[in-house]
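Subject: Structure handover

Hello,

Here is the structure for you to look over. My notes follow below it.

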Amino acid sequence: MAAEAGSAINPIEQFSVVPIVPIHIGNLDLSLTNSSLYMLIAVGIVSALMLIGANGSTGAPGRLQALAEMAYEFMAGMLRSAAGDHAEEFFPFVFCIFMFVLILNLIGIIPYTFSVTSHIVITAALALLVFFTVVIVGIARHGAHFFKNFVPPGVPVYILPLVVALEVVSFMTRPVSHSVRLFANMLAGHITLNVFGGFTIMLLGAATVIFRPLAVLPLVMNVGLEALEVLVAFLQAYVFAMLTCMYLNDALHPGGH
Amino acid sequence: MAQQPAATHTEVQQEAGGHENFPPFNAHTFPSQLLWLAISFGALYLVMARVALPKLGGVIEARKARIAKDLDDAASMQQKADAAAAAHEKTIAEARAKALALAQEARDKLAAETAAKRKILEDELAAKLAAADQQIAATRAQAMSNVETIAREAAGAIFERILGRTPDSQAIAQAVAATKNG
């Protein structure tokens, strides 16, 4: 959203990672950037909310307390329904993924902020974290049985190699679809918002005065898009967490057991 | 917002030949993003897994237990209240029966007393009646004897006036008695 000030509106500029505290170790740029800052802010918000909830009373909950408990119960329900039994120890992991992504998505909608989840490296890192957690937990818990995931039951032997090959490919490409879904949704939403914001500014500055009132049209559009983006922010965080739960289900109950 | 550093970045990337126009694919920023992701997500995980979630789970469990206990308490209290209400009903019924019995008893007693009093009164009245009857009879008897005397005297006077002499009282008495009886 940083582009509004410039005369030439660049809808990509809002995704720029800008160092705040430069840190260079060897050839690596490990600077504290706006991206880092928003991640830390998200961690602060989630921690504050959940710690308020954790120190709340067992009586009637207040608003923040109710919100924290709602998030807890929501994720606990999702984990129970999507990952089945014995998934309790992954609750903090799934909960962190959901809340982290959700808060980052929501913060990103606020104009002039930075949307961390619109960077593929972040979503890919989270997706790979889930992927390797699934592989490691699956093999550690079930050994060779984990590979039952690639052999669907009731498939005739003569097409089994093909099916197994497809299953392996689909399993391997999970991190890609998992990360690109979130990244692309956030990126596209923010670009759209920025483009319509840019239209508003262009029309306001139009040389022909008659066109200037038309600036309200893209503005109205943007109001609607903001609401849609809130929905997308929730939905994508939900989908990301839900897929995490379903992948964990594969690790915990290979072959659907 | 911070146009200057973005510009320098772009220059650096142009030198490196990266995706200078599309920040999400700018590999130059990846190490920093990954490091800070690891730091922040790790911190979040630690806080959630070690502190916040177990405690919050405890709070929710405690509330559930409390609600269940409250419901149980309410049910037992309801039971107690029902029992108390039943006992109360019973007491009232007993008291009412007792009161009815007492009232009956009082009524019976009163009736008996009244009956006794009436009997006494009736006896008294009957006695008085009898005495009055006797008196009437006596009075009448006396009156009747007086009538004989008067008749005798009257007969004597009439006799004297008509015959001019003193009648024999014995004869007159006989004659009066004969008339009376005849």
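Helices (H or I, at least four residues) and strands (E, at least two) are DSSP runs, numbered from the N terminus. With that, chain A reads β-β-β-β-α-α-α-α-α-α-α along its sequence. This is a predicted model: local features need pLDDT of at least 70, side-chain atom pairs count only at pLDDT 80 or more, and totals for chains, interfaces and linings use all residues. Residues are numbered from 1 along each chain as its sequence is written, while chains are lettered from A and ligands numbered from 1 in the order in which they are written.

**The two chains**

Chain A has seven helices and four strands. Its C-alpha atoms fill a box of roughly 70 × 55 × 45 Å, taken along the principal axes. Of its 257 residues, 39% are buried (20 or more other C-beta atoms within 10 Å of the residue's own, with C-beta atoms placed from the backbone).

Chain B has three helices and zero strands. Its pattern along the sequence is α-α-α. Buried residues are 10% of its 182 residues.

**Where they meet**

In chain B, 38 residues are in contact with 44 residues of chain A (contact: C-beta atoms, placed from the backbone, within 7 Å). On the chain B side, α1 (3-16) and α2 (30-163) each supply at least two residues. The largest share, 27 residues, comes from α2(B). By class, that side of chain B has 27 nonpolar, eight polar and three charged residues. Here Ala, Val, Leu, Ile, Met, Phe, Trp, Tyr, Cys and Pro count as nonpolar, Asp, Glu, Lys and Arg as charged, and the others, Gly among them, as polar.

**Helix α1 of chain A**

α1(A) covers residues 34-54. Its buried residues include A:Y38, A:M39, A:V43 and A:V46. What covers the buried residues of α1(A) includes α2 (63-83) and α3 (91-109) of chain A, together with α2 of chain B.

**A helix pair in chain A**

The axes of α4 (120-142) and α7 (216-252) of chain A come within 8 Å and cross at roughly 20 degrees. Axes are lines fitted to C-alpha atoms, for helices over the stretch in contact, and angles run from 0 to 180 degrees between N-to-C directions. α4(A) and α7(A) are therefore roughly parallel (an angle under 35 degrees). Residues making the contact include A:V130 and A:V134 of α4(A), and A:Y247 and A:L248 of α7(A). The contact residues divide into seven nonpolar, two polar and two charged.

Best wishes

Key: Two residues are in contact if their C-beta atoms, placed from the backbone, lie within 7 Å. The expected span of a helix is 1.5 Å times one less than its number of residues. A residue is buried if 20 or more other C-beta atoms lie within 10 Å of its own, exposed if 12 or fewer, and partly exposed in between; C-beta atoms are placed from the backbone. Angles under 35 degrees count as roughly parallel, over 145 as roughly antiparallel, 65 to 115 as roughly perpendicular and the rest as oblique.
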